[in-house]
Amino acid sequence: MAGRSFHRLYHRHLLRSITTNPNPNPSSSPSLRSFRCLSNTPPPPPPPESVGGVESPPPPPRPPPDFRSSLNEAEVAKFAAIADTWWDFEGPFKPLHAMNPTRVSFIRSALCRHFRKDPNCARPFEGLKIIDVGCGGGILSEPLARMGATVAGIDAVEKNIKIARIHAGLDPLTSTIDYSCATAEQLVRENKKFDVVIASEVIEHVADPAEFCKSLSSLTVPSGATVISTINRSVRSYAAAIVVAEYLLSWLPKGTHEWSKFLTPEELAMILQRASISVQEMAGMVYNPLTGEWSLSDDTSINFIVLGTKEGKGDLMEVVPQ
């Protein structure tokens, strides 16, 4: 597990860079500054007045905070157009199917460390409530359910949810996944909470990453975990994820990604920090064109995945001795 020590060292280096450079992406600073405005606690309501000795009824409960939607309608339409191909292993989502075992490997080991679960157990996630935000056809939701988690999956595309439900129903271990057509902001307004909130290959498609991370944080219980995987904004990612994947090899439909929407690891860590989530682990995910396989790596220049913890006190689950 040589990579584990690197991830922790990299995290310390990342936090130092954030401290010395609090605004790594000037172009996104208005979105980041909005957290300070939204996080100001409103003053308490005045005490009820009495009229003629009779106390007035208490004011109605204050509505939940306003979480602006991070939904990007153009991106929703883009993925709705190819929704039928989610479980076509040779279709547009072929790269995602190939990457899935690697991101599942990171999620399994990182969550077992965080929640003190036995990584050698067949169902290490038993007792954990996990939500897969932007679940698509359920490619990631299903292995999470097979590892024992109580899984919910949400997506803004109704067709994706229908396909996910049908496919999950083919296996008793995944038929319990609770799929719904919704956004993270909608669940925040419903006061939903989860031990683990996952958004894999989603943040590069939202309209406002800062608002999106704020919603992910609100869905996470104190001391819970938030997992995000995405693509770095680098020269290598432009060459690999756009030029090669979309235009030369046609692995993805042209226009699937916009390089300007990618986030660097430092930018993502800053956005998460402002949403009360502290990045604890980070790893790169590297594709080997000779073998056609993905693997975890110290190289975060293209694809990377992070696990952060929500600030606050909470009871972490202990492994029950056998």
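Q: Does α8 pass α10 in a left-handed or a right-handed crossing?
A: Helices here are DSSP runs of H or I with at least four residues, strands are runs of E with at least two, and both are numbered from the N terminus. A crossing counts as left-handed if the near helix is turned anticlockwise from the far one by less than a right angle, and as right-handed if it is turned clockwise. For α8 and α10, the crossing is right-handed.

Q: What kind of model is this?
A: Residues are numbered from 1 along each chain as its sequence is written, and side-chain values use heavy atoms, with hydrogens and water left out. Local features need pLDDT of at least 70 and side-chain atom pairs count only at pLDDT 80 or more, while totals for chains, interfaces and linings use all residues, as this is a predicted model.

Q: At what angle do α8 and α10 pack?
A: Two packed helices are described by the angle between their axes and the distance between the axes. Axes are lines fitted to C-alpha atoms, for helices over the stretch in contact, and angles run from 0 to 180 degrees between N-to-C directions. The axes of α8 and α10 (residues 265–274) are 9 Å apart, and the angle is about 50°.

Q: Which residues of α10 make the contact with α8?
A: Contact means heavy atoms within 4.5 Å. From α8, the contact is made by P209, A210 and C213; from α10, it is made by L268, I271 and L272.

Q: What word describes how α8 and α10 lie to each other?
A: Angles under 35 degrees count as roughly parallel, over 145 as roughly antiparallel, 65 to 115 as roughly perpendicular, and the rest as oblique. The angle of about 50° therefore makes α8 and α10 oblique.

Q: How many residues of α8 are buried?
A: Buried means under 20% relative accessible area, exposed means over 50%, and partly exposed is in between (1.4 Å probe, protein chains only). The buried residues of α8 include F212, K214 and L219. The helix is largely enclosed by the rest of the structure because its buried residues number eleven of eleven.

Q: Which residue caps the N-terminal end of α8?
A: A polar contact is a pair of N or O atoms within 3.5 Å; within protein, one must be able to donate a hydrogen and the other to accept it, and residues adjacent in sequence count only if both atoms are side-chain atoms. At the N-terminal end of α8, a side-chain oxygen lies 3.1 Å from the backbone nitrogen of A210, and the residue that caps the helix with it is D208.

Q: With which side chain does the side chain of E201 make a polar contact?
A: E201 is in the loop between β6 (194–200) and α8 (209–219), and it counts as buried because its relative accessibility is 13%. Leaving out residues up to four places away in sequence, E201 touches several others, among them R103, M285 and N303. Its polar contact, at 2.7 Å, is with the side chain of S229.

Q: Is H205 buried or exposed?
A: H205 is found in the loop between β6 and α8. Its relative accessible area is 11%, so H205 is buried.

Q: Which backbone nitrogen does the side chain of D155 reach?
A: UniProt, in an unreviewed entry, places "binding site" at R103, G134, D155 and S200. D155 is in strand β4 (residues 150–155) and is buried, with a relative accessible area of 9%. Its side chain reaches, at 2.8 Å, the backbone nitrogen of G136.

Q: What is the relative accessible area of G134?
A: G134 lies in the loop between β3 (129–133) and α5 (141–146). Not counting residues up to four places away in sequence, it touches I154, D155 and V202. G134 is partly exposed because its relative accessible area is 30%.

Q: In which strand is N303 found?
A: N303 is buried, with a relative accessible area of 8%. Its contacts, aside from neighbours within four places in sequence, include E201, T230 and W294. Its strand is β10 (residues 303–310).

Q: What percentage of the residues in the chain is buried?
A: The chain holds ten helices and ten strands. Of its 322 residues, the buried ones make up 48%.

Technical notes: UniProt positions renumbered as here; feature names shortened; annotations may be inferred.
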